[in-house]
Amino acid sequence: MIFKSLLVLGGAALIRAQGSCDVSNVDKWDCGFMGVDQSKCESDGCCWQPVARNGSLKDTPWCFYPSDHPNPCGSVNWQGSGPGFTQDYYNTMYSFYEANLNIDGSGAVVAAPDNETPGGSYYYHWMRDAGLSIKAWLDINNNDYGKVQPVLEAYAGWVQKVQNKADPNGIDVRIEPKFTIPDGEPYTGGWCRPQTDGPALRAMAMSKWGMLLSQTGNGDPNGIWNLVQTDMAWVTENWRQEGCDLWEEVRSDDFYFNRMAYVYSLNIAADFADMIGQSGSNYRSVADQIKGETMGHWRDGFLYESTNRPYDGAVIHSIATFGEYLYPPESQEAASTINVLTKAFCQEYPINQDEIAAGEVGILIGRYPGDSYAGGNPWQLLTAVLGELFYLGGQATYKQVKSGGDMTLNYADNKAWMDLLSLKEGATAGDLAAAQMAAGDAVMTALWRHVQDANGRIDEQIDKFTGAQASAEGLTWSYANILHALHTRENLVKLQKEVMV
């Protein structure tokens, strides 16, 4: 028995000697199975290293391949040369997006005009999705009053209506997740409640509309201010309350997405307050407090969403949409987080491994590793926001070049970005900006490969095996994020031309 054990352990040691077990957490490739123990792991020639099960590394495999094992996710090609999407396709998506806003003149934003998805009907108004989609509508239309007025005016009417609804579910109606269309009644079926970032995002969207009214001399910004105050009263008093995650599955009082939604929205509301002669000081004070308590989400080399769901595409969305107030898109923290999460999603989705092996550019990302909803696939809206995150990083870098010249990058200060995009020492800020833009193009091209044959319709998911669109058809949030990413790229190209003159 002793001799047999020595043979097993000796064989494992021999295999591991050929490849080191000194593998970074982000590069650990799962070698085990549910219930594997150290003896079985090492007898298979794999490495064993337990990690804490209740922190940011809880999803790191204990049993993993040694360093010499082929890693199909070791080299994502970030060298894109255009986003793939054409102007005609953009225009078609824009039309489908607009059709999902202001349903039947009610001001409601439908999640998707699809009554038969794996999760049931999507023909509801989700407060969170709507707030983000209305923000995107304003942005992609460059806050053009004439273009956005019909949708925004109706949306303000919807907000006023649902803020005053009686709640049948025993919670504050301001933190209900979704409402029926067109009557605006809170949904009474079983659901993950409360949705604590909802009132902040709704107030943010209303604040942007109120500022546009004030700037153009149209409408009644003070009436909009009343709606903002109603929602922000909940946020300032209850932001520490436990709620549901972005995907309405798990609970915490410390989601990174929710916290950053508060910080961003409170600052926007404060800007609106100042513009119309009100005081935004309390909103900024609360935002600073939340920001201070959220900085600790930078841990173990990436930004984690929550201790019960550390690896989450919601963080990518947070950095791109709200990051300017803490860890912005151009930050080293952003680059490190992209590195960690894209490797996790490469391992998660066979379609990524197949396309990397075929020499295709870019990568698809989804909600979180281990997701099982509707098959647990990549999501269009998250892949688009990853592309936008690269574009925003490039935008910030080009602005630095414009103001200070094309300086050689200090490797110690720019290590995360330079390593991610394979830039060598001696590279300049201009090189980094160009690489960030190319990476955004690579991601958008990967997305384009899987949606280009749908005549402009964008769904919720992409099958992780076949690459076909899947789940809810015509998802509003998908349109919003793809159009927003392409709009951001358009602004980046303009800036690039200014810098290169």
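This is a predicted model: local features need pLDDT of at least 70, side-chain atom pairs count only at pLDDT 80 or more; totals for chains, interfaces and linings use all residues.
User: How are two packed helices described?

Analyst: Two packed helices are described by the angle between their axes and the distance between the axes. Take α8 and helix α9 (residues 281-294) here: they pack at an angle of about 160 degrees, and their axes are 8 Å apart. With angles over 145 degrees counted as roughly antiparallel, α8 and α9 are therefore roughly antiparallel to each other. The crossing of α8 and α9 is left-handed.

User: Which residues of α8 and α9 make the contact?

Analyst: On the α8 side they are Tyr-256, Arg-259, Met-260, Tyr-262, Val-263, Leu-266, Asn-267, Ala-269, Ala-270, Asp-271 and Asp-274. On the α9 side they are Tyr-283, Arg-284, Val-286, Ala-287, Ile-290, Lys-291, Glu-293 and Thr-294. Sorted by class, this contact of α8 with α9 has 11 nonpolar, two polar and six charged residues.

User: At what angle do helix α10 and helix α11 pack?

Analyst: Helix α10 (residues 313-322) packs with helix α11 (residues 332-348) at about 150 degrees, the axes being 10 Å apart. That angle makes α10 roughly antiparallel to α11. Their crossing is left-handed.

User: Which residues of α10 and α11 meet?

Analyst: From α10, Gly-313, Val-315, Ile-316 and Ile-319 meet Ala-334, Thr-337, Ile-338, Leu-341 and Phe-345 of α11. The contact of α10 with α11 has seven nonpolar and two polar residues, and no charged ones.

User: How do helix α15 and helix α16 cross?

Analyst: The axes of helix α15 (residues 429-451) and helix α16 (residues 476-500) come within 12 Å and cross at roughly 150 degrees. That makes α15 roughly antiparallel to α16. The crossing of α15 and α16 is left-handed. Met-437, Asp-441, Met-444 and Leu-447 are the α15 residues in the contact, and they meet Ile-482, Ala-485, Leu-486, Arg-489, Leu-492, Val-493 and Gln-496 of α16. By class, the contact of α15 with α16 has eight nonpolar residues, one polar and two charged.

User: Which residues line the largest cavity?

Analyst: Its lining consists of Thr-196, Trp-239, Gln-241, Gly-243, Ser-252, Asp-253, Asp-254, Phe-255, Asn-258, Arg-259 and Tyr-262. Helix α8 (residues 256-275) gives the largest share of that lining, three residues. Arg-259 and Tyr-262 are on this list, and both also belong to the contact of α8 with α9. By class, the lining of the largest cavity has three nonpolar, five polar and three charged residues.

User: What is the volume of the second largest pocket, and what lines it?

Analyst: The second largest pocket has a volume of about 630 Å³. It is lined by 31 residues, of which Lys-135, Ala-320, Glu-388, Leu-392 and His-484 lie nearest its centre. The elements giving two or more residues to this lining are α4 (127-140), α8, α10, α13 (380-404) and α16. The largest share, seven residues, comes from α16. By class, the lining of the second largest pocket has 14 nonpolar, 10 polar and seven charged residues.

User: Turning to the backbone, which peptide bonds are cis?

Analyst: A cis peptide bond joins Ile-181 and Pro-182, with omega about 10 degrees. The bond from Arg-193 to Pro-194 is cis too, and its omega is near 0 degrees.

User: Where do Pro-182 and Pro-194 lie?

Analyst: Pro-182 is in the loop between β4 (178-179) and α6 (198-216). Pro-194 likewise lies in the loop between β4 and α6.

User: What is the phi of Asn-102, and where does the residue lie?

Analyst: Phi of Asn-102 is near 55 degrees, which is a positive value in a residue other than glycine. Asn-102 lies in the loop between α3 (87-99) and β3 (125-126).

Terms used: Residues are numbered from 1 along each chain as its sequence is written. Side-chain values use heavy atoms; hydrogens and water are left out. Axes are lines fitted to C-alpha atoms, for helices over the stretch in contact, and angles run from 0 to 180 degrees between N-to-C directions. Helices (H or I, at least four residues) and strands (E, at least two) are DSSP runs, numbered from the N terminus. Angles under 35 degrees count as roughly parallel, over 145 as roughly antiparallel, 65 to 115 as roughly perpendicular and the rest as oblique. A crossing is left-handed if the near helix is turned anticlockwise from the far one by less than a right angle, and right-handed if clockwise. Contact means heavy atoms within 4.5 Å. Ala, Val, Leu, Ile, Met, Phe, Trp, Tyr, Cys and Pro count as nonpolar, Asp, Glu, Lys and Arg as charged, and the others, Gly among them, as polar. On a 1 Å grid over the protein atoms alone, a cavity is a set of points where a 1.4 Å probe fits but cannot get out, and a pocket is an open set with protein on both sides within 12 Å along at least five of seven lines; lining residues have an atom within 4 Å of a point. Grid points are joined across faces, edges and corners, and a volume is the space filled by probe spheres set on the points.
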